[in-house]
Amino acid sequence: MGFTRDTAFWSLETIGYALMGLAALFALPVLAKGRIELVIRWCFVANAVFTVLGSVGYVVSGNPLHVLVLIGLGVWAIAFPIATALLAVVFKRMEKISRL
């Protein structure tokens, strides 16, 4: 079974990325107001906006190489790893605080 734009796997991937972007938005209220958390917030917002735009661009055009899809993937490839790495730092700090 191939992984092309007319398969169920491709559709599931598109839906998955769109939902991941929306999930990032729902995570915003639980973040504190520190500097690192602010960067995480901005990364999550950028990720959500461009991932949803990319998904809409793909659904409307049917073209996986549509400009909105490519921009969304580019933003995701930068913002999501930064946000997750910074979340690891925040969680590690919280772990140290909880041990005290």
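This is a predicted model: local features need pLDDT of at least 70, side-chain atom pairs count only at pLDDT 80 or more; totals for chains, interfaces and linings use all residues.
Local features were taken at pLDDT of at least 70 and side-chain atom pairs only at pLDDT 80 or more, whereas totals for chains, interfaces and linings use all residues. Residues are numbered from 1 along each chain as its sequence is written, and side-chain values use heavy atoms, with hydrogens and water left out.

The axes of helix α1 (residues 8-27) and helix α2 come within 8 Å and cross at roughly 150°, helices being DSSP runs of H or I with at least four residues, numbered from the N terminus, and axes being lines fitted to C-alpha atoms over the stretch in contact, with angles from 0 to 180 degrees between N-to-C directions. Helix α1 is therefore roughly antiparallel to α2, a term applied to angles over 145 degrees. The axes of α2 (residues 35-61) and α3 (residues 67-99) likewise come within 8 Å, crossing at roughly 150°, so that α2 and α3 are also roughly antiparallel to each other. The contact of α2 with α3 comprises 22 nonpolar, 5 polar and 2 charged residues, where Ala, Val, Leu, Ile, Met, Phe, Trp, Tyr, Cys and Pro count as nonpolar, Asp, Glu, Lys and Arg as charged, and the others, Gly among them, as polar.

Two salt bridges were counted, each defined as a side-chain nitrogen of Lys or Arg within 4 Å of a carboxyl oxygen of Asp or Glu. In one of them, the side chains of Lys92 and Glu95 meet with an N to O distance of 3.3 Å; both residues belong to helix α3 and lie 3 residues apart, about one turn of the helix.A nonpolar surface patch (over 30% relative accessible area, Shrake-Rupley, 1.4 Å probe; no salt bridge; side chains joined within 5 Å) of about 460 Å² includes Phe50, in helix α2.

Methods. Helices (H or I, at least four residues) and strands (E, at least two) are DSSP runs, numbered from the N terminus. Angles under 35 degrees count as roughly parallel, over 145 as roughly antiparallel, 65 to 115 as roughly perpendicular and the rest as oblique. Patches are made of residues with over 30% relative accessible area and no salt bridge: like charges are joined within 9 Å, nonpolar side chains (Val, Leu, Ile, Met, Phe, Trp, Tyr) within 5 Å.
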